[in-house]
Amino acid sequence: MITLEKSSEDKIVIVNVTRRSFLQGALSASAFVLCVGKSPLLAKAATSTTPGGAPLTPGSVPTIDATAFHPGVFLGIQPDGTVLIVAHRTEMGNGVRTSLPRIVADELDADWSRVKVIQGDGDERYGSQDTDGSHSVREFFDPLRETGATARLMLIRAAAQQWGVPEAQCVADPVHVVSHKGSNRTLGYGELAALAAKQPVPRKEELKLKSPSEWRYIGKPAPGYDVTDVCAGKPLFGMDVRIEGMLFAAIAHPPVLGGKVKSVDDSAAMKVKGVKQTIAIDPFTPPHQFQPLGGVAVIADNTWSALKGRDQLKIQWENGAHAEYNSTEYKRQLQETARQPGKVVHTIGDPDAEFSKGGKVIEAEYYAPHLAHASMEPPAAVADVQGEKVVVWSPTQNPQGVQEEVAKKLGLKKENITCHVTFLGGGFGRKSKPDYAVEAAVLSKQTGKPVKVVWSREDDIKFDYFHSVAAMYIKAAIDEKGMPKAWLQRSVFPPISSTFDKDAVYGSDGEMSLGWNVIPFDVPNFRSENGKAVNHVRIGWLRSVANIYHAFAVQTFANELAYAAGRDPYDYLLALIGPGHTIDVKQPPDVATKYPYDTTRLRHVAELAANKANWGKKKSGDGWGMGIAVHRSFLTYVATVVEVEVDKGGAVRIPNVYTAVDAGIVANPDMVRSQFQGAAVFGTSLARTGEITATNGVIDQSNFHDYPVARMNDAPVSVDVQIVESTAPPAGVGEPGVPPFAPALCNAIYAATGKRVRELPLTRNGFA
Amino acid sequence: MVHLKVNGSAQTFDGDPEMPLLWYLRDILGLTGTKFGCGMALCGSCTVLENGKAIRSCTTQMGQVEGREITTIEGISAHGPHAVQKAWAEVNVPQCGYCQTGQIMQAISLLSSKPHPTDGDIDDEMSGNICRCGTYQRIRAAIKLAAKERA
């Protein structure tokens, strides 16, 4: 009943096949398979049959030594030499289906053109699959290398055994073959697969990892593995999934969070051609977590009929307490809270003593509104409930979350929920929340058929897990040279933890660590604080999360201090950072050891970006200016210089952006460049026009006309990305480009116009 | 009954004439390369060619396409990738890729009327197509590369 689709090259089209059955079919009798100790893939492969029906040879799968392998890795070598590598993390433009397998392929000395990447289903035995927090490369770099090196060693040992020569005389060279130095003999990986599979799995200490100078793929630019299929419009995305007999659903969600259906008249909806039935979905039990919002679903035989039918529903809603949420009043409350002492997050020295001395004090308030993710693919999912088992196809950053939430909602066991991960048409954090997949499962159970839930753009924007609104207050006591002697900063925002605890009002340690608990400046007396805020909408993480508003406030304030001191903002920023040293940003001990916060690296990226931008060569003013901001997030150091032209009417043009990045070792520099080019555009969107507001609990925006995002003609024309060559451990890449962008842009606007932007977006300040 | 050609094949449709071409292509014909992004002709993800010129299929109703020739991403080239697709791959434009088929259709339409577009031409023609990943810089480079390759 599942439509299997293969492209002309016989490459796997991932969208709607059961990948496990594909893998069973793909692995022929003498395939060499390496994987996690308890991987279900291995178990299935071991007991499976070949495409022709013959049982796999028991010896085709090596004995698994759990200590020799890391979770999350699956690698198979076919007798024809094809190497299969599972990408267990989600592809959403982050490039993980290219960068992760290339790490394995490098240590394996595999020919990249003979590697097939397979998307892993949701399975806890892979380890974490929650693709957020810019984790993929940094968390799996070492395990992936070790897996490739393990397979390489086993192939070398197989060749040595076959030739009857010492292992030391055999090398994997150049690619995909093992050669014997003495006799010029070679054996291909495919030829060696069966024998390699019989080798004992080497212990970790036996592995010889390459030195960086020997890397052939790591650190070298590579195009996306799927670029041809993407450009061909292949059915890769969740929205593209088609299952035989599938029904389509559009859901009228409660306009206010926590709202319930009072009454519904579906008579007009039922008259729409193609509409089959309507189904009420229960409201959530607080806290809302990842539960469906509730509402009324219209089920039809195509998407259009479902959407049209939904428009015809006449629903009376009971809106509940959040109907009193009004953004204007709420903003006033947040700002008021930010002016009062809050909960202390971190203190250095004695800021109060310094402030009480009565010297010069500079203070400022900043504000940033809610944002919606607005990924180009609105949420969508297909679920097929069959008795105790459920199969879900979903664009999700969090397939194990899909399993958990569907299991919880339907009262089933998690292991009975299969989640196939499709490509994501953008995620940015929204698709870590599986509420829409749960909706599909609820509706499939009710209809007895596979159901595809499609969110419209209006659903996506109105019912998002919004990036938090935030108000911030900063003050500094200034010495005679204009340098801060004491610094106090306070931020107030409804926390993400309100998703899981309805009474949560303070930012979590995690949110405080995103650019707020400590600043990278040489200030002897410092205190960070956080004030209470109650949520009235669903709050979620969005690309770089609290770093967005925290970096906006801190980096704008630093710029204000520079002007107050009568100094060049870049020189002043370097003075603030001071001579490089390690600072304690309250990281967990293991992170602090591997990734100490070294301000030398922050200083270095600032210098790189400023030099590339020719900082200071042209005088700012008269509608032209440059601004700079630095920020470290997800362990990566970033500096961004933005150049602006502002005309008399306030129209802002961004001809150039210069970014410098120190992310440690990078897996794929071209992908890193893409991510930072994209982050500048993402930053442009939020800084220029990004604003979600509510009136009586209902979100005011609905589509790209009232929630505009950057288009080609208002995005930066050119984004230059310098990547620091480094031997430091890999750090995050997907998110860290976003936080410094808005403050660099607003600082540039100040340089160009003398008008200070303390509230986002620019449209609130007379700019467009 | 509506008669139209999709990627060279004659088709008939006797359903709801208000159904957008987008959903006909995706749900009825199974041509899912044309994407749903906004439903209001605001983002360009649904761009197809009508008699060779880019249109938004999400706001084009089936009642309006009688006798038209529609080309989708699946039908732009009978023999291997189209020059624009090749340029897209060469520049490694896509991130998530969702909007890229619409971008490619728009670029094909641009190059058919302006084989050597200026930056201003590219801005004018492409600014109706949103890419949330922010690949505009590479889209511009790929259009220029395609123009050069075709010259």
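**Close-up views of a predicted model**

**View 1. Surroundings of Leu155(A).** Setting aside residues up to four places away in sequence, Leu155(A) touches Ala172(A), Val178(A), Tyr189(A), Leu192(A) and Ala196(A); two residues are in contact if their C-beta atoms, placed from the backbone, lie within 7 Å. This is a predicted model, in which local features need pLDDT of at least 70 and side-chain atom pairs count only at pLDDT 80 or more, while totals for chains, interfaces and linings use all residues. Residues are numbered from 1 along each chain as its sequence is written, and chains are lettered from A and ligands numbered from 1 in the order in which they are written.

**View 2. Crossing of H4(A) and H5(A).** The axes of H4(A) and helix H5 (residues 189-196) of chain A cross at roughly 85 degrees and come within 9 Å. Helices (H or I, at least four residues) and strands (E, at least two) are DSSP runs numbered from the N terminus; axes are lines fitted to C-alpha atoms, for helices over the stretch in contact, with angles from 0 to 180 degrees between N-to-C directions. H4(A) is therefore roughly perpendicular to H5(A), a term for angles of 65 to 115 degrees. H4(A) contributes Met154(A), Leu155(A), Ala158(A), Ala159(A), Gln161(A) and Gln162(A), and H5(A) contributes Tyr189(A), Leu192(A), Leu195(A) and Ala196(A). This contact has eight nonpolar, two polar and no charged residues, where Ala, Val, Leu, Ile, Met, Phe, Trp, Tyr, Cys and Pro count as nonpolar, Asp, Glu, Lys and Arg as charged, and the others, Gly among them, as polar.

**View 3. The largest nonpolar core.** Among the 281 residues of this core, those touching the most other members include Leu155(A), Ala249(A) and Ile749(A). Such a core is a set of buried Ala, Val, Leu, Ile, Met, Phe, Trp, Tyr and Cys residues joined through C-beta atoms within 7 Å, buried meaning that 20 or more other C-beta atoms lie within 10 Å of a residue's own. H4(A) supplies the largest share, eleven residues.

**View 4. Contact of domain 1 and domain 3 of chain A.** The centres of these domains, taken over C-alpha atoms, are separated by 42 Å; domain bounds come from an automatic or database domain assignment. Domain 1 gives 18 residues to the contact and domain 3 gives 19 residues. On the domain 1 side, H3(A) gives the most, with four residues.

**View 5. Contact of chain A and chain B.** Each chain, A and B, gives 46 residues. On the chain A side, H19(A) provides the largest share, seven residues. By class, that side has 22 nonpolar, 17 polar and seven charged residues.

Technical notes:
Angles under 35 degrees count as roughly parallel, over 145 as roughly antiparallel, 65 to 115 as roughly perpendicular and the rest as oblique. A residue is buried if 20 or more other C-beta atoms lie within 10 Å of its own, exposed if 12 or fewer, and partly exposed in between; C-beta atoms are placed from the backbone.
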